[in-house]
Protein chains: 2
Amino acid sequence: MSIRYPNGKAYTPVNKDRHQSKKQNSSISYGNRGMSLEEDINSTNEYYLAKGIAVIHKKPTPLQIVKVDYPKRSAAVVREAYFQQASTTDYNGVFNGKYIDFEAKETKNKTSFPLKNFHKHQIEHMRQVLLQDGICFTLLRFSVTDEVFLLDATHLCSYWEVQEKARKSIPKTEIESLGHHIPLGLYPRIDYLSIVKSIYFS
Amino acid sequence: MSIRYPNGKAYTPVNKDRHQSKKQNSSISYGNRGMSLEEDINSTNEYYLAKGIAVIHKKPTPLQIVKVDYPKRSAAVVREAYFQQASTTDYNGVFNGKYIDFEAKETKNKTSFPLKNFHKHQIEHMRQVLLQDGICFTLLRFSVTDEVFLLDATHLCSYWEVQEKARKSIPKTEIESLGHHIPLGLYPRIDYLSIVKSIYFS
């Protein structure tokens, strides 16, 4: 079943997404064993929480609720609701007193990361966070090679600004040079806070 | 229509809530003109965002989506979803680089604030945020007198701990002495960050 946001952007329920990427990546994935990026990050955040390293959560999907049934003796059921475009990034939280804010995206492209993966509101939100001295970045995954990079939001915002005039994607070579490669592990799977610590806390 | 969470806690859609409190408070409210606490805070956060003072948002209500219809040529419609208990507080964001996290609650009680307004997961989340040196508090509103107080999460957590043995609410006199009264205004309506600045940034 194909589900789309009002803006035409595809919506994939979390569970389905997991199974899909498991299938798609089964022949080429090794480091993260075919999990989706979202699942890897959620698992990493659970690890950080359990170890007392950081408190970082994914925000719920925003829905406009129109109709709710309340059958007697059972739970309320939402019968009509619509997806709303998120006005912020998906993840935020606290690490050593500092505010952490990021968006995670993956592409099947091999040589560049398409900017269409982000929408205007998210870029605007990142700019606002940067102005407040928040730590703000993106986690970019090249799914074919299973490589994950941390790219500071300032670079993403710069590319976003020039995209009208120039190319609508960030070359991988640029991500490799401006960003930071995150080695994949098992526990935690994507230890992005080690990189955050070395960049923003040194 | 009465809507309840799976745990039996009532759910009130935002718009209905606004109208309800408008009616309920019309005879006694003055400072905030009968708006609900949530509306006042959202409006305050919009003010902070517009003025570049802080980036603080309310998290969407968490829903477990079970069934989605995708009618051709129109937006996806969620046809079956269930309310999930939030695992965090409702509001978080960044102010001068620091992580801000809070929960806002109101009571019709005049002399104490019932602890049943909070649930265990939220208290647990507040403890985790405090351990990460995040700024964490509650905004408590006594709706009859239209008074709003900021109470640091450490105090709430302490009261929560002893509630099994002792009273299940915080006396208003204690909130007045441990907390900070927030004068109500028009723009912004509840200027809690002025208080935050004086407490946590001095």
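This is a predicted model: local features need pLDDT of at least 70, side-chain atom pairs count only at pLDDT 80 or more; totals for chains, interfaces and linings use all residues.
Which residues of β9(B) lie on one side and which on the other, and are they buried or exposed?

Figure 1. Residues are numbered from 1 along each chain as its sequence is written, chains are lettered from A and ligands numbered from 1 in the order in which they are written, and side-chain values use heavy atoms, with hydrogens and water left out. Chain A contains 6 helices and 12 strands; these are DSSP runs (helices H or I, at least four residues; strands E, at least two), numbered from the N terminus. Of its 202 residues, 50% are buried, that is, under 20% relative accessible area with a 1.4 Å probe, protein chains only (exposed is over 50%, partly exposed in between).

**Figure 2. Strand β9 (residues 135–142) of chain B.** In this strand, 8 of 8 residues are buried. Ile135(B), Phe137(B), Leu139(B) and Arg141(B) lie on one side, Cys136(B), Thr138(B), Leu140(B) and Phe142(B) on the other, and all are buried. In a regular strand the side chains alternate between the two faces of the sheet.

**Figure 3. The partners of β9(B).** Strand β7 (residues 98–107) of chain B runs parallel to β9(B), joined by 8 bridges; two strands pair if DSSP finds at least two bridges between them. Phe102(B) has Phe137(B) as its bridge partner.

Figure 4. Four strands form an open, antiparallel sheet in the order β4(A)-β5(A)-β5(B)-β4(B). β4 (63–69) of chain A and β4 (63–69) of chain B stand at the edges, each with a single partner strand, so one side of each is left without a neighbour in the sheet. Within chain B, β4(B) and β5 (residues 77–83) pair over 6 antiparallel bridges, and Ile65(B) has Ala81(B) as its bridge partner.

**Figure 5. Helix α2 (residues 37–50) of chain B.** The 14 residues should span 20 Å at 1.5 Å a residue, and the end C-alpha atoms are 20 Å apart, which agrees; the expected span is 1.5 Å times one less than the number of residues. Buried residues of α2(B) include Leu37(B), Ile41(B) and Tyr48(B). Gly52(B), with a positive phi near 70 degrees, follows the helix.
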